[in-house]
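Student: Could you take a close look at one part of this structure for me, and then show how the rest is arranged around that part? I'd like the cut-offs spelled out as you go.

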Amino acid sequence: MADFHHLKVKHIKSLTPSSVAITFEIPGALIQTFDFIPGQYITIKKEIKGKELRRAYSISSSPKKDSITIGVKKVDKGGFSDYANTKLAVGDILEVMPPEGRFVFSPNPNPKNIIAFAAGSGITPIMSIARSVLASNPVNKFVLVFGNKSTKETMFYTDLVNLELDHPNRFFIYFTNSQTQESDSLFGRIDISTVNYALKNKHKDTDFDAYYLCGPEAMINLVSETLQENDIPKEKIHFELFTTTEILDELPEKADGKTEVTIVLDDEEFSLSMNKNELVLDAVLKQNIDAPYSCQGGVCSSCIARITEGKVEMVKNRILTDGEIAEGLVLTCQSHPITPTLKVDYDNV
Ligand code: FES
């Protein structure tokens, strides 16, 4: 069951003209529930103009505190990010699902050098990871290449500069702005030359243990390909999409007819009949079954379930590995059935 809790907004800080950092107070009884690994996100549920919206936001703060901070950039007029930037006030209560997500950094007792490439609001989970890396060991290094339109539009700019001042020779930032030429920044989007500048020029003597990429799909693909051309093994490259360019409504033409579906959720079984050209999550939500989900766009991983009978095809998958798919795991927001019967188990993942 999607497990939401009421959290009070403790603090709101303007980060740029179109983004805010929102801090939630975590009451003592929920501290364990809201414990998280750096890189994870929370999902907020809010009814706006009579419609229930769910949005996933990465956590920017460090774990083990009685508060959680997220960064919210205004992207949708009339949607939750608009509301958060213009109407939300300190003391308001929001419904929030505990942290989840697979784009994580687990602190390790050995020194670890990390390099991250972030664009726009993709900085949010990287903030939490950077803070954790720097706190986990006194000698490891963190290099950040951060792309924005301008310094004015750069989320967490002051926090990042202060983090660099607090960790000389351990935290290195390269800001790159695509719309303004500024003295302390590179000019242009993150591209092959930016990646090579950080890797082969500025930090050519550093062995990096992990590579974290967060931002739009085009940036992630470009950086990932460039890293692999530099012989970086794929297993060391971790990424989180913040937007995707793939179109969701490209269901294959053969997807017609009906499928009888059994849903297993919280030890209960539900039956429903759905069209093969529908997405499993959509069909489940239509029946008011309280299945977990957040982005509905194939980028967050909240809606993972296991297929224990029958088959589905996924429209898009940038999250599950081949091994996980072979085990039967699917993103239900991207899956449509291709067999007459289907059993979808949300409990066994
Ligand atoms: S709801 Fe986010 S991946 Fe399915």
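Tutor: Happy to! Let's start with an open sheet of five strands, in the order E14-E13-E19-E15-E17 and with mixed pairing. Strand E14 (268-275) and strand E17 (329-331) stand at its edges with a single partner strand each, so one side of each has no neighbour in the sheet. Neighbouring strands here are turned by 35° against each other on average, direction ignored.

Some terms and provenance before we go on. This is a predicted model, in which local features need pLDDT of at least 70 and side-chain atom pairs count only at pLDDT 80 or more, while totals for chains, interfaces and linings use all residues. Residues are numbered from 1 along each chain as its sequence is written. Helices (H or I, at least four residues) and strands (E, at least two) are DSSP runs numbered from the N terminus, and two strands pair if DSSP finds at least two bridges between them. Axes are lines fitted to C-alpha atoms, for helices over the stretch in contact, with angles from 0 to 180 degrees between N-to-C directions.

Back in the sheet, strand E13 (residues 258-265) pairs with E14 in the antiparallel sense over eight bridges. Within E14, Ser273 is the residue opposite Glu260.

Another open sheet has six strands, in the order E4-E3-E6-E1-E2-E5, with antiparallel pairing. Its edge strands are E4 (51-58) and E5 (67-73), each pairing on one side only, and the twist averages 40° from one strand to the next. Strand E3 (residues 41-48) runs antiparallel to E4, joined by eight bridges, and Ile42 has Tyr57 as its bridge partner in E4. Two residues lie between the strands of this hairpin, where Lys49 takes a positive phi near 50°. E3 is also joined to strand E6 (residues 93-100), again antiparallel, by four bridges; there Tyr41 stands opposite Glu100. Seven bridges connect the antiparallel strands E1 (residues 5-16) and E2 (residues 19-25), with Lys13 opposite Ala21.

Parallel pairing turns up as well: strand E7 (residues 114-119) and E11 share five bridges in that sense, and Phe117 faces Leu213 across them. A residue is buried if 20 or more other C-beta atoms lie within 10 Å of its own, exposed if 12 or fewer, and partly exposed in between, with C-beta atoms placed from the backbone. Five of the seven residues of E11 (residues 210-216) are buried, so the strand is largely enclosed by the rest of the structure.

Helix H4 (residues 192-202) has Thr194, Val195, Ala198 and Leu199 as its buried residues. Seen down the helix axis, they fall within an arc of 115°, so they line one face of H4; the arc is that of the directions from the helix axis to the C-beta atoms. The face turned away from them carries the exposed residues Ile192, Ser193, Lys200 and Asn201. What covers the buried residues includes E7, E8 (142-148), E9 (171-177), E10 (186-187) and helix H5 (217-229).

Finally, the whole chain. Its secondary structure comes to seven helices and 19 strands. The radius of gyration is 21 Å, close to the 20 Å that the globule rule gives for 349 residues, so the chain is as compact as a globular protein of that length. That radius is taken over C-alpha atoms, and the rule is 2.2 Å times the number of residues to the power 0.38. Of the 349 residues, 39% count as buried.

How values were computed:
Two residues are in contact if their C-beta atoms, placed from the backbone, lie within 7 Å.
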